[in-house]
Amino acid sequence: MALFKRRTAGKPGEWYYCLEHRVVEEGPQCRAADRMGPYATREEAARAMETARERDEAWREDPRWRDDE
């Protein structure tokens with residue numbers, strides 16, 4: 001019997017994308033600083049990097065966030 005149990009921050013059924021290992025995980029398996037999520041589905045987690053790029057581009061294009069005007 002283990003004296004200390006590893007605590008998790010999420011729940012099974014939530015999906016994460018691990019930035020360190022570059023894989024989709026069900027439930028939190030890696031530390032919070034190394035993962036993106038939670039996502040509702042495995043497919044959403046698999047697209048995490050693409051979604052982040054799309055959002056970054058949208059924010060760059062948003063005139064409300066431009067300092068040069």
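Buried residues are those with under 20% relative accessible area, exposed residues have over 50%, and partly exposed residues lie in between (1.4 Å probe, protein chains only). The legends below describe a predicted model, in which local features need pLDDT of at least 70 and side-chain atom pairs count only at pLDDT 80 or more, while totals for chains, interfaces and linings use all residues. Residues are numbered from 1 along each chain as its sequence is written, and side-chain values use heavy atoms, with hydrogens and water left out.

**View 1. The salt bridge between Asp-34 and Arg-31.** A salt bridge is defined here as a side-chain nitrogen of Lys or Arg within 4 Å of a carboxyl oxygen of Asp or Glu. Asp-34 and Arg-31 are paired in this way, with an N to O distance of 2.9 Å. Asp-34 counts as buried because its relative accessibility is 15%, whereas Arg-31, at 56%, counts as exposed. Side chains of opposite charge can pair when their charged atoms come close. By the rule stated above, the count comes to five salt bridges.

View 2. Met-49 is found in helix α2, which spans residues 48-61; helices (H or I, at least four residues) and strands (E, at least two) are DSSP runs, numbered from the N terminus. With a relative accessibility of 33%, Met-49 counts as partly exposed. When neighbours within four places in sequence are left aside, Met-49 is in contact with Tyr-17, Leu-19 and Met-36, contact meaning heavy atoms within 4.5 Å. The C-alpha atoms of Met-49 and Arg-22 are 9.7 Å apart in space, and these two residues are 27 apart in sequence.

**View 3. The salt bridge between Arg-60 and Glu-57.** The closest N and O atoms of this pair are 2.8 Å apart. Arg-60 and Glu-57 are separated by about one helical turn because they are three residues apart in helix α2. Arg-60 counts as exposed, with 53% relative accessibility, and Glu-57 counts as partly exposed, at 36%. Elsewhere, salt bridges that share partners join Arg-47, Glu-50 and Glu-54 into one network.

**View 4. The salt bridge between Arg-47 and Glu-50.** The side chains of Arg-47 and Glu-50 meet with an N to O distance of 3.1 Å. Arg-47 has a relative accessibility of 36% and therefore counts as partly exposed. Glu-50 is also partly exposed, its relative accessible area being 37%.
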